Structure formats: C-alpha cells, structure tokens
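Here is a brief report on one structure. It covers a helix, a hairpin and an interface.

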Amino acid sequence: MTGLLELHDLTVTTSTGRTLLDRVSWSLDAGGRLGVVGESGSGKSLTAAAVLGLLPDGMTATGRVLLDGTDLLTLPERRMRSIRGGQIAMVFQEPLTALDPLMTVGRQIAGPLRLHRGLRGPAAVAETERLARLVRLDDTERILGSYPWQLSGGQRQRVALAMALACEPRILIADEPTTALDVTVQAEVLDLLDDLVDRTGVGLVFVSHDLPVIARVARDLAVMRDGRVVELTAVAEALAGGQHPYTRELVSAARAGQLPRQEDR
Amino acid sequence: MSVDVTAPIDTTVRVRRPRRWSPSLIAGIVLVGLVAAVGLLSLVWTPYALDDTSSGARLGGPSASNWAGTDRLGRDLFSQIMVGAGNALVVAAASMLVAGVLGVLIGVLAGATRQWVDITLLSAVDLLIAFPTLLLAMLIVTVRGASLSSAIWAIGIAGSAVIARVTRVNVARVLREDYITAAQAAGTGWWGTITRHVIPNVAPTLLVQLMLLGGSAVLAEASLSYLGLGAPPPNASWGRLLHEAQSTMTVQPWGAILPGLAIVVTVLGLNLLGDGIRERTDPSLRGDR
Amino acid sequence: MKGVLFRVGALLISLVLASVVVFVVLRLLPGDAAGASLGVGTTTDQLESLRSELGTDQPVPVQYAQWVGDLVRGDLGDSFTSRQPVADLVAAKLPITVPLSLAAFVLAVLISVPLGVIAAVQRRGPVGVVVSAVSQLGVAVPVFWVGVLLVLVFALTLGWLPSGGFPRQGWDDPAAAIRSLALPVVTVAVAMSAVMVRYVRSATLDVLDQDYLRTARSLGYSRWQALRRHGLRNAAVPVVSILGIELATSLLGAVVIENVFALPGLGTLLLTSVTGRDLPVVQTLVLALTAVVLLMNALVDMLQRVIDPRLRRTGVTA
C-alpha cells in the first residue's frame with residue numbers, strides 16, 4: 001500500500017556541499033497524522049520547505065518526494081505552484097509576521113480562493129465567511145475586515161489556518177503552529193486542529209520540538225536529529241518508551257518538563 | 001539557479017559572521033586616504049604656484065609638464081585640483097564637526113527629556129530637514145557674503161538635523177531597553193545613563209551618519225562654489241574649477257572632467273567608509289545591504 | 001480625519017516658523033536692506049525714501065507683520081533691483097522651473113522603481129550587482145557635473161541638443177522648448193535616480209525577507225505574484241516617505257541645473273537675487289520654495305496613512 005505523501009531518502013545539500021538533510025524517509029496516509037519532532041536545527045522545518053519546493057537559495061534537494069506517486073522534486077515550478085496551497089498547504093509558527101500587515105484578513109483568505117479556485121466577488125466573500133466559521137472565528141464580519149495586528153495571537157493563527165485550508169488541500173503541514181501562542185490559546189488551537197483534521201480529512205504533518213504537543217494531535221511519529229530521521233514509530237509507542245535512545249531521551253525530558261526550548265522561529 | 005524571493009526557512013543555515021575588513025571599508029580608507037594625502041601634500045608642494053600663469057600654453061591638454069592641462073589663463077590645473085582636495089576636506093571635516101556637536105546635543109535633549117521638549121525639538125528638526133540645504137546656504141550667503149565659513153555653517157547646520165534625528169531615535173530606543181531600566185533601578189542617574197549606556201550605543205550609528213554627511217558636505221560645497229556662492233578665489237574649489245572650465249570645454253574638456261572625478265572619488269570614499277563602518281559595527285547587518 | 005487635521009495644523013505651524021526663520025536670518029544683515037541694496041554712492045535722501053518705501057525704518061516685528069500681511073493678501077513685494085513686482089518675476093519663471101522639476105521627478109520615479117525592485121529580487125544576479133554598483137557611484141556624483149558632462153557629450157560633441165538657453169518664444173515654440181529642457185530634465189532625473197534606486201532596493205529587500213511573502217509562496221503564488229500582491233504595497237511605505245524629500249530635491253536640482261544650462265527659471269532668478277542682495281526676491285522665493293517642500297511632505301504623510309492603516313491608528317508618527 002502506498003501513502004499519500006512519501007519521502008524517500010530526501011537529502012538537502014548546500015552549495016558548499018554541507019548536508020543538511022540526510023536521507024529522510026517517511027510516509028503519510030490520506031487523513032493520517034504524522035508528528036515530526038526534533039530540536040531546533042534538526043531539519044524539521046527544512047523538510048517542510050523541501051516538500052513544498054521552497055528551499056532557500058543555493059540548496060538542492062535529491063531523493064524523492066512522492067505525492068500520489070508523482071515526484072514533486074522533478075515537477076516544473078509552474079505545476080508546483082498549483083500543488084502549493086491547492087494540494088499541500090502550510091501554517092507557520094509566528095502568525096503575526098506570516099500575515100501581510102497592510103491587507104485585511106478577509107482579503108488575505110480570499111487570495112488563494114481566487115488563485116486556485118477562481119472564486120471572486122460574492123462567491124469569494126461567502127466562501128471566506130464559511131472558512132472563518134470553519135476555524136471558529138467568532139464575530140466573523142468584524143474579524144474579516146480587520147488587519148492582522150488588530151487581532152489576538154489565537155485569532156491570527158486561525159486566520160492562517162483558514163488561508164491554508166481555503167483550497168481544500170489534502171495535506172496540511174503545520175510548522176510549530178502553537179509555539180508562539182499562550183498556553184491556553186495553544187490548547188484551543190490544538191483542539192481546533194484536531195477537529196479540522198477529523199472533519200475535513202486533511203492529512204496532517206505536525207512539526208514541533210514539543211513532544212507533548214505532538215502527542216495531542218499526531219498518531220505517527222518521526223524523530224529527527226541532525227538532519228536524520230532516527231526513529232519512525234507511533235506516538236503511543238514512543239511515549240511508552242521508544243527504540244532509539246534519543247527518542248527515550250526526548251520522552252523522559254518531556255516527562256520532566258525539561259525539553260530544551262526552541263530559541264529561534 | 002534561479003532567485004528565490006522567499007526567506008530562508010531554517011534560520012540555522014544563514015549565520016554569517018560580519019567581515020571585519022569588508023571591501024567597502026578598505027576601498028573607503030584607500031580613497032579618503034588618497035584625497036587626504038593629496039590635500040596635505042598641496043600645503044607644502046604643488047607642481048606650480050596657483051597664480052602662475054606661465055605654467056604652460058593656455059588651455060593646453062594634459063602633458064608631461066601639466067598633468068591635467070591648463071586653464072584659460074595658463075594656470076596649471078593639476079595644482080588647482082590638489083589644492084581643491086584640501087579645501088574639500090576642510091569643508092567636510094568642519095561641517096561634520098558643526099553637525100555632530102549641534103545634532104548630538106539636540107538629539108540627546110529630545111530623546112532623553114520630557115515629552116514637550118521632545119515634540120518641540122522634533123518639529124524644529126523636521127523643519128530643518130525639510131528646509132533644503134541649498135536654500136539655507138543662499139540665505140546665509142545673502143547675509144554673510146560668499147565665503148568658506150558661510151558654506152560650512154550652512155552645510156553643518158543643515159546636517160545637524162539628520163544627526164539629531166538619528167541620535168534621538170537611538171537614544172529613545174536604548175532608553176527603552178531592559179538593561180537601562182535595570183541600571184536605573186540600581187540607582188544610575190540620568191547623566192550616568194546617558195554617558196555610560198546611551199552614547200556608546202549610539203556612537204557607531206552616528207559615526208556612519210557623519211561619514212555620509214561628510215560626503216554630502218563635499219557635494220554641497222561643490223554645488224555652492226559652482227554657483228559662485230562658495231569660497232571666492234584664491235581658494236581653489238572643485239566646484240568653481242568646473243564652473244570656470246565649462247565655458248572653455250570645447251577646447252579643453254579635461255578641465256570640466258577631472259575636478260568632477262575628484263569630487264566623485266572623495267564622496268564615494270566617504271560613503272564607502274560609512275558603509276564599511278556600518279558593516280563592521282552592526283552585527284545584525286548582512287553582508288550585502 | 002483627526003490625523004489629517006493634525007497634519008494640516010503641523011504644516012501651518014511649520015510655515016509660520018519657516019517664515020520667521022527666513023525673515024530673522026535676513027534681518028541679521030549688517031546695516032540694513034536699503035543700504036545693502038543701493039550700495040555705495042547713494043544720497044541720504046535716496047536712502048531715506050527707499051527705507052520708508054520698504055518699511056525698513058519700522059521696528060522688526062512690525063516689518064514682519066507687514067510682510068506676512070502682504071503675503072497673505074497676495075502681494076509679494078517689489079524687487080529692489082528691477083523694481084518689478086516679485087509676483088510678476090516669479091510668474092515669468094514658472095513655465096521653465098515647474099515643467100523641469102516635475103518631468104525630472106516623474107522620470108526619476110520611472111527609472112528608479114523598476115530598477116530598484118529588480119535589483120532587490122536579483123540581488124546576487126548580474127542586474128542586482130550592476131544596479132547597486134552604479135547607484136553607489138551615482139550618489140557620489142554632483143548633479144551639476146552630470147549636466148556639464150551631458151552638455152559635453154550630447155550638445156558640444158554630438159550636437160543633438162542645445163547646450164543651454166531657452167527659446168525666446170518660450171512654449172509658443174513647443175518643439176524648441178522641449179529640446180532645451182531635455183538635457184536638464186535628464187540631468188536632474190539621473191542624479192535623483194541614483195538615490196531613489198537605493199531606497200527602493202532596500203525597501204524591497206526588507207519586504208522580500210518578510211514571512212508573509214513566504215506564506216504567499218506556500219499558498220501557490222509565484223515569486224512575482226507574491227511580490228506584487230504583498231511586496232509592493234509594503235515596500236511603498238518607506239519609499240513614499242522619501243518622495244516628498246525627493247520632489248524637493250528635484251525642485252532644488254532644477255534651481256542648480258538652470259544655472260548649468262543658462263535657463264531663465266526660478267533658480268537663475270534666485271541666484272542673481274542672492275548675489276545682488278535683492279532682499280524681497282530672496283525672502284519670498286526662499287519662503288515659497290520652502291512652502292512647496294513642506295506641502296509635499298505633508299501630502300506624502302497623508303498618502304502614507306492611506307497606504308498603511310497602522311499609521312491611522314496611532315495618529316502621531318514618531
């Protein structure tokens with residue numbers, strides 16, 4: 001049986017020959033929930049960028065990234081653009097900077113609707129409102145007419161989710177989506193994410209340094225360290241004591257509440 | 001490889017140490033050093049005396065005896081350009097001094113005191129920034145007559161507005177930092193805060209701004225003397241040399257080219273020096289800005 | 001709305017302050033204006049009559065009040081030297097200076113915005129490197145020297161365009177008028193572009209590093225689509241803030257450049273008035289030019305509020 005999104009030996013190197021990702025392989029089934037855990041610099045975010053074909057200048061990806069059997073790494077940029085947002089969407093860590101400060105959130109959500117689904121005018125407005133309700137943005141009208149900096153952190157992340165889900169992608173990559181939020185808001189967004197995956201059937205790749213957070217939404221787990229996947233397992237098994245010593249280290253650190261905090265984005 | 005407009009996604013990838021001796025810094029030091037050396041040399045030696053009308057044929061082109069040719073009175077152009085270097089640097093240094101002293105005083109006052117002082121000074125500074133240097137210079141020349149010091153005062157006063165702005169912004173920013181609050185909680189006084197924490201923090205930015213100001217001072221002085229509002233003869237100014245050469249440039253184009261090149265070299269040098277200092281002192285700056 | 005009123009108030013205060021500064025600085029003249037303008041060899045009678053005519057026998061605050069009162073009523077005074085009304089002198093010069101500076105400003109924007117954006121997007125590519133290097137060099141070049149070089153090449157050597165002057169018929173001979181303004185316009189525009197390209201480039205670079213561009217890319221926008229949708233508006237905020245100053249630069253550039261090309265515009269008038277110490281003309285012209293600059297800055301501030309809703313919220317720009 002093949003997965004919806006399969007990574008086979010995904011390797012990313014810099015122009016100077018440094019290897020940043022080393023033969024990363026994992027697979028996500030339709031409607032699956034994969035957690036990717038690791039410290040900062042372990043290559044979690046870089047994996048997400050490589051899947052979307054948005055690596056920074058001077059980096060090259062080799063290996064295979066298969067979406068329904070099509071290798072994304074060999075797709076021309078034009079076809080990749082319809083995949084981004086349309087098939088695979090992404091939510092980032094810091095919702096304030098991830099949104100354009102000069103555009104109302106309503107127009108930002110409507111952007112991908114027009115780009116991928118050709119919706120405009122009243123149809124786009126109606127769909128935007130439906131999306132806002134989907135991500136449980138109350139007071140929809142006011143919020144859609146607001147600028148990102150007028151909203152709370154939780155509201156902004158819901159907006160980012162609405163944008164990502166606008167074109168009913170089959171895969172949602174969430175890169176530390178709750179790290180920048182308060183603990184209570186964090187719980188709300190995680191619940192929402194959990195619920196959205198259930199309702200829309202979108203496949204979830206949840207990237208985080210925080211194992212307990214991952215445990216709330218993910219079923220499978222890829223443990224990354226220094227650009228490698230050191231263990232592929234189920235979240236429940238990992239929590240019960242994983243195979244790899246690093247996984248066990250992460251689990252015991254999480255129990256003690258001492259997981260090293262991530263410093264950067 | 002095509003160019004990607006997205007930011008690098010993993011921040012660990014783009015850590016780059018600022019180079020201490022960047023090309024800008026080296027080029028700036030070389031160019032400004034060259035101009036300064038020529039200016040200093042002109043104090044003790046020039047190929048011909050400035051008023052020597054028998055240095056060569058009138059309106060002669062560059063030759064072994066007149067490296068830049070001669071003007072319409074037969075005076076040696078290279079000697080005049082050499083003396084012009086000294087003149088340009090004097091104007092640059094003196095107006096940097098005027099602007100620096102005035103600007104820092106205003107900026108510290110505005111950034112570190114009560115709000116109404118801040119607002120009053122800021123409005124004055126904004127007015128001064130909006131008030132074009134050239135017009136200020138024209139006012140001052142109308143009153144004091146065309147002279148080297150008129151030019152310096154005009155350029156210096158106009159430049160002080162920018163320095164005051166930069167100082168004020170940085171002073172206000174530094175004063176908001178946590179460590180300042182901590183220092184004040186620990187009993188450091190107002191003056192102590194300014195001298196011990198604020199000035200050292202602001203100094204690199206100011207130095208950069210002063211270098212850029214020096215560049216624009218050289219440009220402004222050249223414009224003024226081109227218009228006949230700068231230092232009158234016998235002061236040799238590149239701007240005046242260009243003005244004089246313009247009417248005879250069909251015969252002797254070098255007179256209209258070389259003093260201009262001298263201005264470009266000087267201003268470019270000061271600007272590069274400013275950029276170089278900024279790259280060296282600002283750790284947040286990436287190499288290519 | 002409150003922000004706009006606030007800005008208009010600030011503009012008026014700046015104008016009053018500017019008029020005081022101009023007036024006071026010019027009264028610092030040793031001796032008095034009448035003596036300065038008539039020069040040596042005038043009789044006391046002449047001096048006295050000129051003084052009472054000019055009002056310089058009155059106390060300084062009264063003189064200021066009179067001057068401002070006259071200005072408000074539209075009376076700009078008379079020139080010392082030509083005895084003509086300043087308003088007529090200025091009006092005669094506007095058809096040269098206004099087209100010159102406006103055309104130069106528009107041309108500079110047309111050159112620098114696309115170049116700056118391309119230089120930022122291709123910062124490591126050949127275009128980016130060349131544009132950066134040329135603009136680095138360009139900001140070090142004095143504007144009048146650009147004019148001198150253009151004259152040397154295009155007028156004296158190639159003979160394509162006149163080296164200076166303005167047709168006697170003025171704009172009644174539009175072809176000749178445009179030909180005489182061509183080199184001056186290019187001169188001012190080239191000099192301004194060097195500065196503006198750097199602003200546009202660095203504003204665009206800042207935007208390119210923003211997370212929301214990455215978001216847009218992750219949603220399927222192409223590089224240029226993302227830049228057009230989010231980048232240009234965000235980059236416009238800092239760029240617009242210098243447009244006021246740049247428009248002033250073009251006006252002042254025109255003043256200098258008119259002297260290079262012997263164009264009988266405001267700049268030439270201002271220069272002859274300064275060297276001839278023609279106080280009423282200097283006083284009024286300097287204030288008028290300053291007023292234009294201040295007005296431009298105020299307009300630019302308001303334009304920024306339109307672009308950036310965050311400014312509307314705070315009211316006061318710090």
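## Helix α4 of chain C

The model here is predicted.

Which residues of α4(C) are buried? They are Q63(C), Y64(C) and W67(C). These residues share one side of α4(C), because their arc around the axis is only 100°. An α-helix has 3.6 residues a turn, so residues three or four places apart point the same way. P61(C) and V72(C), on the other side of α4(C), are exposed. Just after the helix, G74(C) has a positive phi of about 90°.

## Hairpin in chain A

Strands β9(A) (residues 220-225) and β10(A) (residues 228-234) run antiparallel, joined by six bridges. R225(A) has R228(A) as its bridge partner in β10(A). Two residues lie between the strands of this hairpin. In the turn, D226(A) takes a positive phi of about 50°.

## Interface of chains A and C

Contacts link 27 residues of chain A with 21 residues of chain C. About 2300 Å² is buried between the two chains. Carbon and sulfur atoms give 58% of that area. On the chain A side, F92(A), L102(A) and W149(A) lose the most area to chain C. Together they account for 28% of what that side buries.

How many salt bridges does the rule find across this interface? It finds one. R217(C) forms a salt bridge with E77(A), with the closest N and O atoms 3.4 Å apart.

Technical notes. Residues numbered from 1 in each chain as written. Chains lettered and ligands numbered in written order. Predicted model: local features only at pLDDT ≥ 70, side-chain atom pairs only at ≥ 80, totals over all residues. Heavy atoms only, no water. Buried < 20%, exposed > 50% of the residue type's maximum accessible area, 1.4 Å probe, protein only. Helix = DSSP H or I, 4+ residues; strand = E, 2+ residues; numbered from the N terminus. Arc of directions from axis to C-beta. Pairing = 2+ DSSP bridges. Contact = heavy atoms within 4.5 Å. Buried area = accessible area lost by both parts, 1.4 Å probe. Salt bridge = Lys/Arg side-chain N within 4 Å of Asp/Glu carboxyl O.
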